[in-house]
Amino acid sequence: MGDNQVEIDDRARSPFLSWGETALRLGLAILFLYVFLVGVKSLETGIKSFGEAFVSDLFESVGNPIAGLAAGILATVLVQSSSVTTSTIVGLVGAGVLPVETAVPMIMGANIGTTVTNTLASLGHLRQGAYFRRAFAAATVHDYFNIIAVVLLLPLEVATGLIRRIATGVADTVGGLLPEVGTGSSPVKSAIKIPVERFEEAIDSVGAGGAMGAILLALGIGLIFAALWMITRQMRIVMSGRIENAINSVLAKGAGIAALVVGIAMTVAVQSSSITTSILVPLVAAGVLTLQNAFPVTLGANIGTTVTALLASIAADAPEALVIALAHVTFNVIGILIIYPWPRIRAIPLFLAEKTAEAAVARRWLVVIYVVGLFVLTPLALLLLL
Amino acid sequence: MFSIFRDADQLETVEKQLLEMFGACQDAFRLACEAVFGEADVEEWGNRLESIDKDLNKTERAIRRELLIHGTVRGAETDLGLMLVYMAVAKDIERIGDYCKNIWNLAQMGINFAGADDHRELQKHRERVAELIELSLSAFGNQDADAVHELIPAIRDDTRHYDDHLVQFVRSDRPGSYAAPRALFYRYIKRISAHLANTLTSVVMPVDRLDFYKKSKAIEPESEDS
């Protein structure tokens, strides 16, 4: 190398974040985390206001595990965010209107439903055959992993309640250690309750007390949606440099535990598995990341996204909220332990994704059938039939 | 506390890599000329050049990957123009490395300009190109628009001059063993100079006019007090 110690002048660069902006965006993310928790609390309070009879009728239809699974898929496809769905489920369980055993299949459905985002992202490459084949395989490998995990674990859960039992055991331990996520009162829980009580007073004062439940429910879902969107936006901007480095490290180290950890870290950082997996799709499409190396990052995203439900459980009063949040973690961890460590089993979702992508390239109309069939028609049919 | 959240500035890494590539080209040109001017062991210098060339190619591929990751992660916040510029600059610098290797190939084929009747003329051009690489590296690194506006016309004059030499040797009645290496040498230094000019256009020209310098179409430099 030459002796020149020249550095490129700052004028050439994009405007990167200053310390002040980083601090401001982190502050905003924390503020919106608070708004998110207030949203979960509003939802929980709103649901409680409906009365037990109405709510038990409402959730009777998803009492069947398959119907619960279908509802989880459809709800997540509709809102394009498993974090919103799982937070809502945590709120419903926290309100005591949705039993944990009914919520577990819905959480599994949310896992499947969230993969629609990166599948849709892969369609951007539809015009270029080889690019599209790789992109579609990168997207559908997540679908196949989640479907296989559900096929293996849902019957086991229905028969033995394994996931629920593990989650309950962990919840008992964690709840005792950390009152914020347990049943006890805490400054965090108190701080979350204050604005919700003000909402109730405001709704009463304008004479809309009769619609209290509906207003709080709508407000809760709205706040969850907006807060998660804002947290994700702020954190993506703040963390993008780190994410770039993390992906570079995946490229350097290849598949394995490191890639899995990168997937977890990236998803926890931006609070969205869809962002993590959608970033992988163009990289696999361009050929710089192999499907095999992207796969563990995807699995890490599955675990990382469970943090949102864990955070949501802070706002809930009932200990079952923490149980369902931990059930989400348990389901994903067991799924990975069953599939990823064993090369022959690990090869199944990869094989299915590659074959599906090859078929999709040969017949583009299969893409429409795949997306609409898997994410809309099948869950809708299951929900209507059961 | 905020260190774990600090923007790791991927483009800064790319910029450093581009400057390292530029520096490697300086070395490559020096080694290639020392070989063809009979000042060093051709094989030994060839090994060193080979190693530099591999590094240049490797760095170019790394830059492409890093830019792709940068664009994918940043999405709408991506500075797409800067990414395209860096992609093009990396290609130009990599090509300079290739032409340096071509000059060394002349030495490998037994050409030695030491003691030649036109040694002084060849030496003058060698020094001029080495100087241009140095000046270009500085102008690019400092994003010095004024220096670029001076350098590019000068490089154009030089390349026209090298073209004249090239045509002269192509049409020469001298034996092929004399004319051909010189024609090739002038061709190579002309291409090195042209690629240097291309990298410099990235400092002053809009992205669509990259490699196509015209002062009247250049981006206005920011005034100091604006």
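Ala90(B) is located in helix α3 of chain B, which covers residues 80-108. The model in which this residue is described is a predicted one. Ala90(B) has 23 C-beta neighbours inside 10 Å and therefore counts as buried, since the threshold for a buried residue is 20 or more. Setting aside residues up to four places away in sequence, Ala90(B) touches Leu18(B), Met21(B), Glu60(B) and Ile63(B).

The C-alpha trace of chain B spans about 65 × 40 × 25 Å along its principal axes. Chain A likewise has zero strands, with 17 helices. The table sets out values for each chain.

| Chain | Residues | Share counted as buried |
|---|---|---|
| Chain A | 386 residues | 51% |
| Chain B | 226 residues | 42% |

In chain A, 82% of the contacts between residues at least 6 apart in sequence join residues at least 24 apart. In chain B, residues 24 or more positions apart account for 75% of the contacts with a separation of 6 or more.

**Nonpolar cores**

The largest nonpolar core contains 118 residues, and those with the most contacts inside it are Val90(A), Ile107(A), Ala138(A), Ile324(A) and Ala327(A). Helix α10 of chain A, residues 212-253, supplies the largest share of this core, with 16 residues. Apart from this core lies another, of 63 residues, which includes Leu19(B), Ile63(B), Leu67(B) and Ala90(B). The residue with which this report opened, Ala90(B), thus belongs to the core of 63 residues.

Which residues are in contact with Val90(A), leaving aside its neighbours within four places in sequence? They are Val40(A), Ala309(A), Ala312(A), Ser313(A), Ala316(A), Ala321(A), Ile324(A) and Ala325(A). Of these, Ile324(A) is also among the residues with the most contacts inside the largest core.

**A helix pair in chain A**

Two packed helices are described by the angle between their axes and the distance between the axes. In chain A, helix α11 (residues 257-270) and helix α12 (residues 273-285) pack at an angle of about 130°, with their axes 8 Å apart. The two helices, α11(A) and α12(A), are therefore oblique to each other. The crossing in which α11(A) passes α12(A) is right-handed. On the side of α11(A) the contact is made by Gly263(A), Met266(A), Thr267(A) and Val270(A), and on the side of α12(A) by Ser273(A), Ile275(A) and Thr276(A). By class, this contact comprises three nonpolar, four polar and no charged residues.

**Two loop residues with positive phi**

Most residues other than glycine have a negative phi. Gln271(A), although not a glycine, has a positive phi of about 55°. Gln271(A) lies in the loop between α11 and α12 of chain A, the helices of the pair described above. Is Gln271(A) buried or exposed? With 27 C-beta neighbours inside 10 Å, Gln271(A) counts as buried.

In chain B, Gln143(B) has a positive phi near 50° and is likewise a residue other than glycine. Gln143(B) is found in the loop between α4 (119-141) and α5 (145-170) of chain B. Because Gln143(B) has 18 C-beta neighbours inside 10 Å, it counts as partly exposed.

How values were computed. Residues are numbered from 1 along each chain as its sequence is written. Chains are lettered from A and ligands numbered from 1 in the order in which they are written. This is a predicted model: local features need pLDDT of at least 70, side-chain atom pairs count only at pLDDT 80 or more; totals for chains, interfaces and linings use all residues. A nonpolar core is a set of buried Ala, Val, Leu, Ile, Met, Phe, Trp, Tyr and Cys residues joined through C-beta atoms within 7 Å. A residue is buried if 20 or more other C-beta atoms lie within 10 Å of its own, exposed if 12 or fewer, and partly exposed in between; C-beta atoms are placed from the backbone. Helices (H or I, at least four residues) and strands (E, at least two) are DSSP runs, numbered from the N terminus. Two residues are in contact if their C-beta atoms, placed from the backbone, lie within 7 Å. Axes are lines fitted to C-alpha atoms, for helices over the stretch in contact, and angles run from 0 to 180 degrees between N-to-C directions. Angles under 35 degrees count as roughly parallel, over 145 as roughly antiparallel, 65 to 115 as roughly perpendicular and the rest as oblique. A crossing is left-handed if the near helix is turned anticlockwise from the far one by less than a right angle, and right-handed if clockwise. Ala, Val, Leu, Ile, Met, Phe, Trp, Tyr, Cys and Pro count as nonpolar, Asp, Glu, Lys and Arg as charged, and the others, Gly among them, as polar.
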